[in-house]
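Could you keep the model open while you go through my points below?

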Amino acid sequence: MNRRPRHTKPDTHIKAEGAHHEELAKRPDDPSLMASLAGYYGMVGRPERGFELAEQVAATAVVDAEVMATVGESFEDLGDRDRALEWIGRALDNGLSVENLERKPSLNRLREDPRYTELVQENRP
């Protein structure tokens with residue numbers, strides 16, 4: 001399993017992390033917010049908290065393809081490429097368009113993986 005976190009400038013994400021925390025306090029069971037916050041933790045160098053949140057979402061019955069993609073993005077941000085591909089595959093299988101994935105800059109490095117190319121080719125109309 002590839003668990004190499006991608007670190008970016010922490011100050012870039014501090015405000016977004018705070019906003020997510022405020023929203024999460026209002027809606028503690030919101031899988032979309034939890035998945036997004038997991039990715040932020042990966043970007044600011046706190047992967048243990050990010051994995052904790054991502055695993056919480058993964059353990060729920062996620063039915064929204066966009067949330068599945070966000071979980072995949074979060075696992076990629078946390079350095080877990082295998083889990084990222086698993087969740088991106090689920091999102092595609094549940095109706096997320098390839099075009100939607102192609103617009104996500106956070107997946108730029110993932111798109112270099114031949115397994116991603118295979119997933120996309122399997123899901124093109």
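**Notes on salt bridges and helix packing**

1. Let me start with Arg 115, which is partly exposed at a relative accessible area of 38%. For the terms: buried means under 20% relative accessible area, exposed means over 50%, and partly exposed lies in between, using a 1.4 Å probe and protein chains only. Asp 82 also counts as partly exposed, with 38% relative accessibility.

2. Before going further, a word on the basis of these values. This is a predicted model, in which local features need pLDDT of at least 70 and side-chain atom pairs count only at pLDDT 80 or more, while totals for chains, interfaces and linings use all residues. Residues are numbered from 1 along each chain as its sequence is written, and side-chain values use heavy atoms, with hydrogens and water left out.

3. Helices (H or I, at least four residues) and strands (E, at least two) are DSSP runs, numbered from the N terminus. Of the 125 residues, 49% count as buried. Looking at contacts (heavy atoms within 4.5 Å), residues 24 or more positions apart account for 62% of those in the protein with a separation of 6 or more.

4. Which residue does Arg 115 pair with in a salt bridge whose closest N and O atoms are 2.6 Å apart? The partner is Asp 82. Arg 115 lies in helix 7 (residues 114–122) and Asp 82 in helix 5 (residues 81–93), so this pair ties together parts that are 33 residues apart in sequence. A salt bridge here is a side-chain nitrogen of Lys or Arg within 4 Å of a carboxyl oxygen of Asp or Glu. The structure holds 11 salt bridges.

5. Two further pairs deserve a look. Glu 76 and Arg 81 meet through their side chains in a salt bridge of 2.7 Å, N to O. Both partners are buried: Glu 76 at 5% relative accessibility and Arg 81 at 12%. Asp 113 forms a salt bridge with Arg 115, with 2.8 Å between the closest N and O atoms, and Asp 113 counts as buried at 9% relative accessibility. Through salt bridges that share partners, Glu 76, Arg 81, Asp 82, Asp 113 and Arg 115 are joined into one network.

6. Now the helix packing. The axes of helix 2 (residues 31–43) and helix 3 (residues 47–58) come within 8 Å and cross at roughly 155°. Axes are lines fitted to C-alpha atoms, for helices over the stretch in contact, and angles run from 0 to 180 degrees between N-to-C directions. Helix 2 and helix 3 are therefore roughly antiparallel to each other; angles under 35 degrees count as roughly parallel, over 145 as roughly antiparallel, 65 to 115 as roughly perpendicular and the rest as oblique. Their crossing is left-handed, that is, the near helix is turned anticlockwise from the far one by less than a right angle (clockwise would be right-handed). Residues in the contact include Leu 37 and Tyr 41 of helix 2, and Leu 53 and Val 57 of helix 3. By class, the contact has 10 nonpolar, two polar and one charged residues. Ala, Val, Leu, Ile, Met, Phe, Trp, Tyr, Cys and Pro count as nonpolar, Asp, Glu, Lys and Arg as charged, and the others, Gly among them, as polar.

7. Are helix 2 and helix 4 roughly parallel or roughly antiparallel? The axes of helix 2 and helix 4 (residues 65–77) come within 8 Å and cross at roughly 15°. That makes helix 2 roughly parallel to helix 4. The crossing is left-handed, and among the residues making the contact are Ala 35 and Gly 39 of helix 2, and Val 71 and Ser 74 of helix 4. This contact has six nonpolar, six polar and one charged residues.

8. Ser 74 sits in helix 4 and is buried, with a relative accessible area of 2%. Leaving aside neighbours within four places in sequence, Ser 74 is in contact with Ala 35, Ser 36, Ala 38 and Gly 39.

9. Lastly, helix 4 and helix 5 have axes that come within 7 Å and cross at roughly 165°, and these two helices are therefore roughly antiparallel. The crossing is left-handed. Residues that meet here include Phe 75 and Glu 76 in helix 4, and Arg 81 and Trp 87 in helix 5. The contact divides into nine nonpolar, one polar and five charged residues.
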